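I opened a new structure today and kept notes as I went.

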Amino acid sequence: SEPYRDRPACLNVGRCEAGCPIGALRNPLVADLPAAPRAGAVLRHRAPVTRIRTDRPDRADAVEYRDADGRAHVQPARLVILAAGAVQIPRLLLASVVPGHEAGLSNANGLVGRCFMLHSLSLVNGLFPQTTDPWMGVNGGQLISQDDYAKDRGPGRPFGSYQWQIAPAVYTPSCSGRPTISAAWPP
């Protein structure tokens with residue numbers, strides 16, 4: 001609603017999920033990545049971590065990674081933070097077999113990577129004959145309907161339950177910066 005630090009005030013153009021065109025939305029691309037090198041961080045693109053190292057007992061102190069050419073490297077660290085998501089964090093923990101952690105880091109109970117549930121998602125877009133002005137206001141899901149949200153499979157339900165999420169549409173920005181809405185359907 002107002003300028004903050006080096007970011008401008010929101011213009012309510014509704015492009016939040018696709019990336020703010022003026023940089024008002026606080027996200028890592030706008031706030032953290034530009035600041036990281038100034039704070040001494042070195043960003044390594046196309047360098048996936050393959051394993052966490054624990055040269056000290058019960059303390060992660062390095063990561064192994066591969067560079068863009070596939071060469072292995074070790075990056076020592078005073079602090080290792082896992083922020084790789086629900087699939088990659090268990091992968092790293094299980095791949096990090098070290099003495100005292102023969103089943104992988106943090107896996108003494110054997111549950112790392114198990115009991116993970118995933119929801120598949122289908123997306124359907126629609127065009128309307130009238131102008132809907134979806135670009136007005138801050139973007140976000142407005143309605144979720146879970147009517148008849150049974151957890152079973154049956155005739156007409158090959159994947160079990162379903163839900164409807166009604167969210168704003170997206171727009172194509174024009175050269176002027178004001179959104180343009182396709183209002184003619186069918187073409």
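My entries follow, grouped by what I looked up.

**Before starting.** I remind myself that this is a predicted model.

**Strands β2 and β3.** I started with the pairing of strand β2 (residues 62-66) and strand β3 (residues 72-76). They run antiparallel, and I found five bridges joining them. Glu 64 stands opposite Val 74 of β3. The hairpin has five residues between its two strands, and there I noted Gly 70 with a positive phi near 90 degrees.

**Salt bridges.** How many salt bridges does a search of the whole structure find? I got six. I followed Arg 53 to begin with. Its side chain meets that of Asp 55 in a salt bridge, 3.6 Å from N to O. Arg 53 counts as partly exposed because its relative accessibility is 22%, while Asp 55, at 57%, counts as exposed. Arg 53 also forms a salt bridge with Glu 64, with the closest N and O atoms 3.8 Å apart. Glu 64 sits in strand β2 and Arg 53 in strand β1 (residues 49-53), so this pair ties together parts that are 11 residues apart in sequence. Salt bridges with shared partners join Arg 51, Arg 53, Asp 55 and Glu 64 into one network.

I then turned to Asp 67 and Arg 71, whose side chains meet in a salt bridge at 3.1 Å, N to O. Is Asp 67 buried or exposed? I put it down as buried, because its relative accessibility is 16% and the cut-off for buried is under 20%.

**Arg 7.** This residue is in the segment before α1. I found it buried yet without a salt bridge; Asp 6, the nearest side chain of opposite charge, is 4.9 Å away. What I did find is the backbone oxygen of Ala 24, which lies 3.3 Å from a polar atom of the Arg 7 side chain.

**Positive phi outside glycine.** I listed Arg 5, with phi near 50 degrees. It is in the segment before α1 and counts as exposed at 73% relative accessibility. I also listed Ser 106, with phi near 60 degrees. That one is in the loop between α2 (85-95) and β4 (143-145), and it is exposed too, with a relative accessible area of 57%.

**Surface patch.** Last, I looked up a nonpolar surface patch of about 340 Å², made by Leu 29, Val 30, Leu 33 and Leu 43. Leu 29 is in helix α1 (residues 28-38) and counts as exposed at 63% relative accessibility.

Conventions. Residues are numbered from 1 along each chain as its sequence is written. This is a predicted model: local features need pLDDT of at least 70, side-chain atom pairs count only at pLDDT 80 or more; totals for chains, interfaces and linings use all residues. Side-chain values use heavy atoms; hydrogens and water are left out. Two strands pair if DSSP finds at least two bridges between them. Helices (H or I, at least four residues) and strands (E, at least two) are DSSP runs, numbered from the N terminus. Patches are made of residues with over 30% relative accessible area and no salt bridge: like charges are joined within 9 Å, nonpolar side chains (Val, Leu, Ile, Met, Phe, Trp, Tyr) within 5 Å. Accessible areas come from the Shrake-Rupley method with a 1.4 Å probe; for residues, only the protein chains shown count as cover. A salt bridge is a side-chain nitrogen of Lys or Arg within 4 Å of a carboxyl oxygen of Asp or Glu. Buried means under 20% relative accessible area, exposed over 50%, partly exposed in between (1.4 Å probe, protein chains only). Lys and Arg count as positive and Asp and Glu as negative; His and the chain ends are not counted. A polar contact is a pair of N or O atoms within 3.5 Å; within protein, one must be able to donate a hydrogen and the other to accept it, and residues adjacent in sequence count only if both atoms are side-chain atoms.
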